[in-house]
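Take a moment with the sequence and the 3D view below.

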Amino acid sequence: WGAPVVVYQETGTDKQWIIGDQDPHGISPHAGNVYMCWKSFGTLVSGIVFSRSTDRNQTWSPPIELDTGSNQGCMPAVTPDGAVYVVYINFDAGNLSFVKSTDGGLSFTSPAPVATITNVPYQLPNSVFRTPDSLPSIAASPLNGNLYVAWADYRNGDADIYLSLSTDGGATWSTAERLNDDPLANGIDQFQPQISVAPNGRVSVMWFDRRLDCPNLPWVDPSRVGLSNNCIDTFMTRSYDDGQTWVSNIRASAQTWDWSLNLPLPNPSPTEKVGFIGDYQGIASSNDLDFPFWNATANLGDNPNNYQQIFVAHVPAIDLSTSQKQVVPETVVPAGVLSYTIKLNNASMDVATAAMTDTLPVSTTFQSGSLT
């Protein structure tokens with residue numbers, strides 16, 4: 001790694017996000033450019049701002065204002081033809097907005113809407129941690145340039161994950177689609193999504209999810225065991241057909257975690273308790289695997305104080321949607337026995353059926369729907 005390079009010297013900045021033009025098909029006229037956007041509260045530039053490097057991080061351009069007013073949470077994406085997109089939440093308009101550049105980040109279009117949103121509350125029910133609004137996540141397909149934007153939305157009275165896509169460079173966007181498959185308006189919150197697209201075009205979205213009750217595990221406060229819409233897991237879903245259909249939700253986290261343990265309080269006060277569980281979870285994808293990563297307080301042997309640590313899951317990306325599984329019982333406590341029958345459809349051989357049992361590790365609880 002080289003020495004750090006200053007992009008912009010000011011303290012009033014927030015949620016910086018960076019991306020490079022990787023030119024997957026060798027057709028981008030701006031291959032190798034690096035782009036960064038952020039929210040500026042400064043005196044020289046304000047709002048959603050943008051800077052670029054055309055010499056591989058040796059120097060950066062003076063930041064330009066993409067949109068002023070009440071906004072937050074920008075994220076850039078680059079399509080194979082070298083177009084640059086920046087999406088963010090526009091509080092004044094009540095929507096997610098985006099701008100586009102076709103000259104390598106030198107200039108941008110005027111802001112245009114992606115989707116109208118109902119912003120999530122600053123603190124979700126049963127929580128004292130802050131929720132970072134309906135901040136969007138964007139990814140561009142390196143295969144065909146499709147754009148995918150995901151966000152948390154409160155239109156149904158609880159937080160759900162929604163997605164809209166564009167197949168024409170942002171000229172039009174699809175009707176927002178709800179990705180979490182728990183019952184609608186059930187009072188369970190899903191929030192803080194992130195999205196990635198594999199080289200082969202598979203789209204994967206991960207998020208924080210509170211559909212599982214707080215389990216009886218060593219890293220859960222005993223007084224909180226059994227509480228609903230409270231403790232947190234990481235769930236995800238995928239599309240193998242450019243966002244037209246989505247597989248059933250996958251539980252990516254093996255350990256439900258209790259956010260109340262050692263909750264960081266950046267700005268404690270006598271009248272307001274606002275904790276912090278991070279705004280920057282993420283996901284990366286190869287053709288074979290998805291790698292969602294997130295913070296959690298679980299202790300697998302090296303976190304006895306239950307601080308927030310970084311966890312990652314390796315989730316195989318094989319599409320077995322035509323196969324079948326049966327798992328009993330619906331819940332298995334640590335050290336309990338799980339029985340499952342798998343009927344595997346394989347294009348190159350006859351259908352194979354296997355019946356198996358497993359004894360769960362002492363650190364793992366099985367909940368129905370979490371085996372994939």
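Is C37 buried or exposed, and why? C37 counts as buried, because its relative accessibility is 0%, and buried means under 20%. Keep in mind that this is a predicted model.

C37 has a partner. A disulfide joins C37 to C74, with 2.3 Å from S to S. That value is within the 2.5 Å that defines such a pair. Follow the chain to see what the bond brings together. C37 sits in strand 2, residues 34–41. C74 sits in strand 5, residues 71–78. Now look along the bond itself. The angle about the S-S bond is 110°, and the link of C37 and C74 is right-handed.

How many disulfides does the structure hold? The structure holds 2. Move on to the other pair, C214 and C231. Their sulfur atoms lie 2.1 Å apart and form a disulfide. Here the setting is a loop. Both C214 and C231 lie in the loop between strand 14 (203–209) and strand 15 (233–239). They are 17 residues apart, and this pair also links distant parts of the chain. C214 is buried, and C231 is buried as well. The link of C214 and C231 is right-handed, with 105° about the S-S bond.

Count the bonded cysteines along the protein chain, and the disulfides follow the pattern 1-2, 3-4.

Definitions and conventions
Residues numbered from 1 in each chain as written. Predicted model: local features only at pLDDT ≥ 70, side-chain atom pairs only at ≥ 80, totals over all residues. Heavy atoms only, no water. Helix = DSSP H or I, 4+ residues; strand = E, 2+ residues; numbered from the N terminus. Buried < 20%, exposed > 50% of the residue type's maximum accessible area, 1.4 Å probe, protein only.
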